[in-house]
Amino acid sequence: MTKRIPVLLVLLAILPALIGCQESPAANQPIHKLIITGSSTVAPLIADIGKRFEAQHPDIRVDVQTGGSSRGVADARSGIAHIGMASRALHPQETIDLLATTIAQDGIGLIVHADNPVANLTTQQVIDIYTGKVTNWQSLGGMNAPIVVVNKAEGRATLEIFLHHFHLANSAIKADVVIGDNEHGIKTVAGNPQAIAYVSIGTATYDATAGVPIKLLQLNSIPASLATVQNGTFPLSRPLTLVTTKHPRPLAQTFMTFATSPHVQNLVIQHSFIPLPS
Amino acid sequence: MSSHHQAIQDKLAMGITWSVAMLLMSTFLWLFSDIVIHGISGVSWEFLTARPLNAGREGGIAPILVSTALILMVCMAIALPIGLGTAILLSELTHQFGWMSNLIRRSLDVLAGIPSIVFGLFGNAFFCITLGLGFSIVSGGLTLACMVLPILIRSTEEGFRALPADYRLSAAALGLSQASTLISLLIPAAMPAMLAGFILGLGRAIAETAALIFTSGYVDRMPESLWDSGRALSIHIYDLSMNVPGGNANAYATALVLITLLFIINAGAQAIGHRWSSKRVLVA
């Protein structure tokens, strides 16, 4: 038994080593870190853009952290992050001290299970569903089954854009399920033929093509697709933006120039978003 | 008649007990086989040694495995000494610090019941921002250390308490000081319990998502130092399944790797438990 003591001693011995010796990483070559936080919709795209940026600038590390658009805006303002990510335009009161750079477009579409016969909803029908005035699919031309209303959690840009477009207050919404990220909403609907949710059109298109049993609904007879968002006919769209203070650091500026350049267009398309017009 | 009645009762009780146990086991088997069926084709040597590509849909999880290991190392390097010290205070020195050990025990009980997202937010506010450690493996490890301390301390304390009072009396009779009794007798004897607690804590820490997403963070690059942000396995699974369309296949493969690690850790805990119970007699 006593021979186990060294194990503990070793653990105790490496403790200061672990904390002390790492104080100055790579002292021979200064590494600059660019910290980017915010929207979980934008994060995977920016992480990939960051990797391409790192390949061109070996002395720079792009650290991407998630947490939602509100967090991105707050972190950019407080300086915790050099750049914030938001999947919406800035509010008027946010533009006083912040600057948003659009890197791509995304649409927000309503989705139901692939087995749901309903294919189109009007603005009024969407409002009635989300405020609890219509609670059965039958009156919308669907099956005789209750509607399961899926809503987004507070602080999510998708929620704000949805509420704003339909002139709803979040307190008026009668939700059965509250979700976070896009895939969360898609998995909820794929597993429940009575559910309705609203998610990123890019994400929903990707998943529907990959065989996930969901379908995007037409809104006022306008199909929800990347094409209709791109040509401006689909009304529910949003910019994906990078947020900084009015005077960003040179490194942040360089990154944003790169993220809006044609060098990353294929990454934007790969992530099912709509690239900036070139 | 009454014995017949009793036999039926016994059978009924037996049946209920069995079916409840079966229900529990089938839940586990369902979950496990789901992960194996969906994940096994994705796990390969290449998957374990390559870096993630295309937001994790392609490539492997090498940097994520390394980050997870580093986070656990920091966590345990901090939690073990604090845990051992606190457990010794609670079990061996209570007569000197009675009021204090009550306070500590109460704090530990509260800590053990706190949801992990609260640890995550605390870790973000305190370690990342107040102490300026940023999103880093160190921040994540420290946050996890706070989380596993209750398990570690309670299990080590039990280990000390389970030691027969004879040990302490004999040591005192031989004129050993309290310090040398602790170092050469009680700590070695309680070591297996401590290791079991260590492994249980490790099991909880490796499966943690909420405490890590805002502390050690989301970066899936190979960490260059402990001050870098590094993505843990559980966060990788969460992001692939909840945030990356088409990430399901690699989410399953990563989940299979994580659950295999959990199996190994639990087998370790059991092996130590067995050795402990078979080796209760000390060779002083």
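Predicted model: local features only at pLDDT ≥ 70, side-chain atom pairs only at ≥ 80, totals over all residues.
## Chain B at a glance

Chain B holds 11 helices and two strands. Along the principal axes, the C-alpha atoms of chain B fill a box of roughly 70 × 70 × 35 Å.

## Where the chains meet

The interface involves 43 residues of chain B, which touch 41 residues of chain A. Putting chain B and chain A together buries about 3,900 Å², and carbon and sulfur atoms account for 61% of that.

One pair to look up is A:Lys33 with B:Asp228, whose side chains form a salt bridge at 3.0 Å, N to O. A:Lys33 sits in strand β1 (residues 32-38) of chain A, while B:Asp228 is in the loop between α9 (210-213) and α10 (233-242) of chain B, so this pair joins two chains. Another salt bridge brings together the side chains of A:Asp63 and B:Arg221, at 2.8 Å, N to O.

## A crossing in chain A

Over in chain A, helix α2 (residues 43-56) and helix α9 (residues 250-259) have axes that come within 11 Å and cross at roughly 110°. An angle from 65 to 115 degrees counts as roughly perpendicular, which is why α2(A) and α9(A) get that label. Their crossing is right-handed.

On the α2(A) side, the contact uses A:Ile46, A:Ile49, A:Gly50, A:Arg52, A:Phe53 and A:Gln56. Facing them from α9(A) are A:Leu251, A:Thr254, A:Phe255, A:Phe258 and A:Ala259. Sorted by class, that's seven nonpolar, three polar and one charged.

## A crossing in chain B

Chain B has its own example in helix α5 (residues 116-130) and helix α6 (residues 137-162), with axes that come within 9 Å and cross at roughly 135°. That angle makes α5(B) oblique to α6(B), and the crossing is right-handed.

From α5(B), the contact takes in B:Ser116, B:Phe119, B:Gly120, B:Phe122, B:Gly123, B:Phe127 and B:Cys128. The α6(B) partners are B:Ser139, B:Leu142, B:Thr143, B:Cys146 and B:Met147. By class, the contact of α5(B) with α6(B) has seven nonpolar and five polar residues, with no charged ones.

Notes
Residues numbered from 1 in each chain as written. Chains lettered and ligands numbered in written order. Heavy atoms only, no water. Axes fitted to C-alpha atoms, helices over the stretch in contact; angles between N-to-C directions. Helix = DSSP H or I, 4+ residues; strand = E, 2+ residues; numbered from the N terminus. Parallel < 35°, antiparallel > 145°, perpendicular 65-115°, else oblique. Left-handed = near helix turned anticlockwise from the far one by under 90°. Contact = heavy atoms within 4.5 Å. Nonpolar A, V, L, I, M, F, W, Y, C, P; charged D, E, K, R; others polar. Buried area = accessible area lost by both parts, 1.4 Å probe. Salt bridge = Lys/Arg side-chain N within 4 Å of Asp/Glu carboxyl O.
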